[in-house]
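I opened my notebook to look up a protein model.

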Amino acid sequence: MKPPSDPLDSLLDRWEDPADKSRSLAPEVWRRLDRFPARGPLGLLTRLLETLGRPPVAAMFVACCAILGLYLAEVRINRQQREESSQLARSYLQLIDPLLKADVGPRLP
């Protein structure tokens, strides 16, 4: 089964010089078209995947992801430790001054 012909092929046939059959225009045009990347979101995704496929870029991407992950983990742990420290300070103050526990109601003189 023969694949359907591209509409560009008939246009290229009209532009060929009938006297010079040794040099065909169609292969040269298709070769030049293949050199240019596709436009649009699919072309962007293809270029991104090609770029990430290179070993130096892939190694740099993995290193950046690891550094970002370590930074976010450090921020999270720092926040947890700050909350625990604050809770420990509140517990200590309530242990020293039992009247701090009575914040919900009015204090007696």
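My entries follow in that order.

**Ground rules.** I am working with a predicted model, where local features need pLDDT of at least 70, side-chain atom pairs count only at pLDDT 80 or more, and totals for chains, interfaces and linings use all residues. I number residues from 1 along each chain as its sequence is written, and side-chain values use heavy atoms, with hydrogens and water left out.

**Confidence.** I looked up pLDDT, the predictor's confidence in each residue, from 0 to 100. The protein averages 78, and 66% of the residues score at least 70. Among its elements, helix α4 (residues 55-96) has the highest mean, 94. Helix α1 (residues 7-15) has the lowest, 67.

**Layout.** I found four helices and zero strands. Both are DSSP runs, numbered from the N terminus: helices are H or I with at least four residues, strands are E with at least two. Along the sequence I read α-α-α-α.

**Cysteines.** How many disulfides does the structure hold? I found zero. A disulfide is a covalent bond between the sulfur atoms of two cysteines. Here the test is a pair of cysteine sulfur atoms within 2.5 Å.

Next I checked exposure. Buried means under 20% relative accessible area, exposed over 50%, and partly exposed in between (1.4 Å probe, protein chains only). Cys64 is partly exposed at 47%. Cys65 is partly exposed at 40%.

**Surface.** I noted that buried residues make up 3% of the 109 residues. The protein exposes about 10,400 Å², by the Shrake-Rupley method with a 1.4 Å probe; for residues, only the protein chains shown count as cover. Carbon and sulfur atoms supply 64% of that area.

Last, I looked at Leu45, found in helix α3 (residues 41-52). Leu45 is partly exposed, at 44%.
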